[in-house]
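Hi everyone, thanks for coming. I'd like to walk you through one protein model today, so please have a look at it first.

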Amino acid sequence: MDYRDRMHAGVIFLHRTIFEILDKIIKSARHRRILDQRLAYVSQRGYRVNGTTFRRQKSIFTDVGMTAADKSCVVFLLSHVLGLGDDEELWPEGTLLPLTTAVAHVQLVLLALRGRRSYTLEELQTIFDNGYVTIFGALESVTQIHYNICVREAQEASAPAPKRFKHETRYSDGTDTEDTDDDHAVGGLGIYSHGQKCLTHQHWVSQVVSAGGFNVHCTQGPEASHNVNMHLASVRVRHSDENGTQDSMLRYLCTKQIFDSLKQEVYPPSSRTRTAKPGVRVTMTSTFPYNLGSLPGTPKYQQAFIHSEARVSRGEFFDLFCLHWGLPQTRTSHTKLSALHFEFGHQLVLTDGRNFWGTDSQYRAGQGCGARHDMLRLHGNERGYALCCEIVCFIHVSRVDTLGLNNCQTFTEDLVLVRWLEPHPSVWQRDERGRPLCPGPLHVNNCLWRYARTTRPRRVLVGSHNPRVRSLAFRRQSSMFGSTADEITQRYDQEKFAYYGLVLPDNIECSLNMCNTFEPDTSTPVYDTWLETVNMI
C-alpha cells in the first residue's frame, strides 16, 4: 500500500475497515434497519461544508455506489448513528465504547489528511502514531468481544467453536513484520497487525513528514477521469475483439474531446453570477399585527400567536423587542410597537451571499417542500460558553424611526427570531472557544447541546392560577400546534419552557452541522438534545 495515496490508503481503507466490523457484529435484521433509519434521518439534515451539501446516504453496511467523498462523509455521520453510549440492545455488550473510540480517531485522521492547516510533529504523532494504536486497538477489542460471544453461543448450542485467528508467517525464519516494534502492538487476536493488513504501522508519521507534510498524492482526480476514459467510453462503443474495442474507445474519446473543446469555444461559460437580493425572503402569511379587529394592548391581541411555524405570542414578541431596543416591558411600549410594520419570512440572504432558512414547509430541496431550521453560532459567549441557537423565522421591521430612539439610525431593520440552546447537563468540559464537548470518546470532534429552558412556564401556555392547566389562549389557538390531540399535547410539552430571542444578522458567525440524538435502541429522535459535529470534510 502506497502511503502517499491519500484516497485509497486513508479514506477508502479506513472506511472499509470500520464497516467490515459493523457488518460482522450486527446480525439482527431489526437492529440493522434501526441503524440505517438513523443514518437516513441524519442525512436529511443536509450537512454542509463550504455551502456544499453532502449526498444522502442509504446504509452503513454497504459501500455500493459510494464515492470516496461519500465514504468520508459517512464516517462523520457515524458519530450520530452510534449515539451517546446508552444503547444496550443495538450493539453487542461492551462493543459500543471501542467502536466510538475508533470512529472518533478516524475522523481526526481524515481531517489531518485534508491538510487544511499546518501540524506540529507532536500533533502528527498524536493523530497518526498514537492514533494507529488507538484505532486498531479498539477494533481489536471489538473483534475479541465478538469472538468470545460466538464461542459462548456455540457452547450453548453444543456446536463446534469458531476457529481462532492465526497469524500468517511470511518468512522462512519464522519472523513476522509485526514484531518490528512491540511498543506499537495493538493486542487482541492480531487481525489488525502490521503483517496481516499491510498497514503503515508506526512509521506513518515519519513517512508523512519525509514526504513534505501533507502534499501527498491523491488519486481522487485521476479516478474521476478514469470513469470517463474507461467506463463512459466502454458503454458508448460496440465491443468486439480486444484491439477493435480499444480502437473504438480511443476514437470515441478523441471525438468527445474535440466537440467538448468546440463547445467551450463557441458557447463560453457565462462569467455572470446570479446573486439573490439581500434581505428577508419567502414571506410568511400572517395576520400580524391585526387580529379580527382586536385592539393593541387587549388580552386577545397580546395572546395571539404570530404564525403556526412561529408559535410566539405578540406579548412575548413585543417583550423581545423591548429588550432589543432598551424599552420598558409595559403595555405602553407594546402599544407603540404595534404601530410598526412587521414582515415575516422563512429565508434571509446576507450581503456576502450567505443564506439561512427557518421553515417547516417552504424549503425546496430535491422533490417537494420540507423543513429546514439552520443552527447558528454567534459571535461572543455567555458565562464562558459559546452562543448557539436555532432559527425560527426572520423579521423585517420598518418605520422604526417613529419610536424616537436615540440609537436609531435606520428606518428599517432585519432581525432573526431564534430559540436558544445551552450546554447539555451531562457536559462537564469545554474547549478553548467555549463549546461544550460531548462526553466520552466523541469529544474529539463533537459537542452536545440542548434547548435552553425558561425558569417558569410561558404564561401564554399555562393557566394564571394553576400551571398544570392549559391556558384559554392556548385552547383557543390549539390548531396551530397540530392536527391531532397527541401532536398538540406533544408540542405543548416541548414548547412550554421554550426560550426565544432576537439576533442581529451581523452577529451570525456561521451555521452548524447538528442533529438530534436518538432514543435508546430506536431510531426515534430526542426532541431537545443536539449533537454537533464541529469539523467535517
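**Where two helices meet**

Let's begin with a pair of helices: Ser72, Val75, Phe76, Leu78, Ser79 and Leu82 in α3 meet Leu96, Leu99, Thr100, Val103, Val106, Gln107, Leu110 and Leu111 in α4. By "meet" I mean contact, that is, heavy atoms within 4.5 Å. The residues of this contact divide into 10 nonpolar, 4 polar and no charged. In that count, Ala, Val, Leu, Ile, Met, Phe, Trp, Tyr, Cys and Pro are nonpolar, Asp, Glu, Lys and Arg are charged, and the others, Gly among them, are polar.

Before I go on, a word on what we are looking at. This is a predicted model, with local features needing pLDDT of at least 70 and side-chain atom pairs counting only at pLDDT 80 or more, while totals for chains, interfaces and linings use all residues. Residues are numbered from 1 along each chain as its sequence is written, and side-chain values use heavy atoms, with hydrogens and water left out.

Back to our pair. Two packed helices are described by the angle between their axes and the distance between the axes. Here, α3 (residues 68-82) and α4 (residues 96-114) pack at an angle of about 145°, and their axes are 10 Å apart. The axes are lines fitted to C-alpha atoms, for helices over the stretch in contact, and angles run from 0 to 180 degrees between N-to-C directions. The crossing of α3 and α4 is left-handed, meaning that the near helix is turned anticlockwise from the far one by less than a right angle; clockwise would be right-handed.

**The wider chain**

How many helices and strands does the chain have? There are 14 helices and 15 strands. These are DSSP runs numbered from the N terminus: H or I of at least four residues for helices, E of at least two for strands. Of the 537 residues in the chain, 47% count as buried. Buried is under 20% relative accessible area, exposed is over 50%, and partly exposed is in between, using a 1.4 Å probe and protein chains only. Among contacts between residues at least 6 apart in sequence, 65% join residues at least 24 apart.

Now for the inside. A nonpolar core here is a set of buried Ala, Val, Leu, Ile, Met, Phe, Trp, Tyr and Cys residues joined through side-chain atoms within 4.5 Å. The largest has 62 residues, and Leu22, Leu35, Ile60, Leu78, Trp91, Leu110 and Phe136 touch the most other members. Elements giving two or more residues to this core are α1 (6-25), α2 (29-43), α3, α4, α5 (121-156) and β14 (508-518). The most comes from α5, with 11 residues. Apart from this core lies another, of 27 residues, including Ile306, Trp325, Val400 and Leu502.

Asp70 lies in α3. Is Asp70 buried or exposed? Asp70 is buried, because its relative accessible area is 5%. Its side chain is joined to that of Arg55 by a polar contact of 2.3 Å. A polar contact is a pair of N or O atoms within 3.5 Å; within protein, one must be able to donate a hydrogen and the other to accept it, and residues adjacent in sequence count only if both atoms are side-chain atoms. Leaving aside neighbours within four places in sequence, Asp70 is in contact with Arg55, Gln57 and Gly65.

Ala40 is found in α2 and counts as partly exposed, at 32% relative accessibility.

His31 is also placed in α2, and at 16% relative accessibility His31 counts as buried. Not counting residues up to four places away in sequence, His31 touches Ile26, Glu89 and Leu90. A polar atom of the His31 side chain lies 3.4 Å from the backbone oxygen of Glu89.

Last stop, the backbone. Most residues other than glycine have a negative phi. Arg399, however, has a positive phi near 65°; Arg399 lies in the loop between β10 (385-398) and β11 (412-423), and is partly exposed at 43%. Asp521 has a positive phi of about 65° too; Asp521 sits in the loop between β14 and β15 (525-533), and is buried, with a relative accessible area of 13%.
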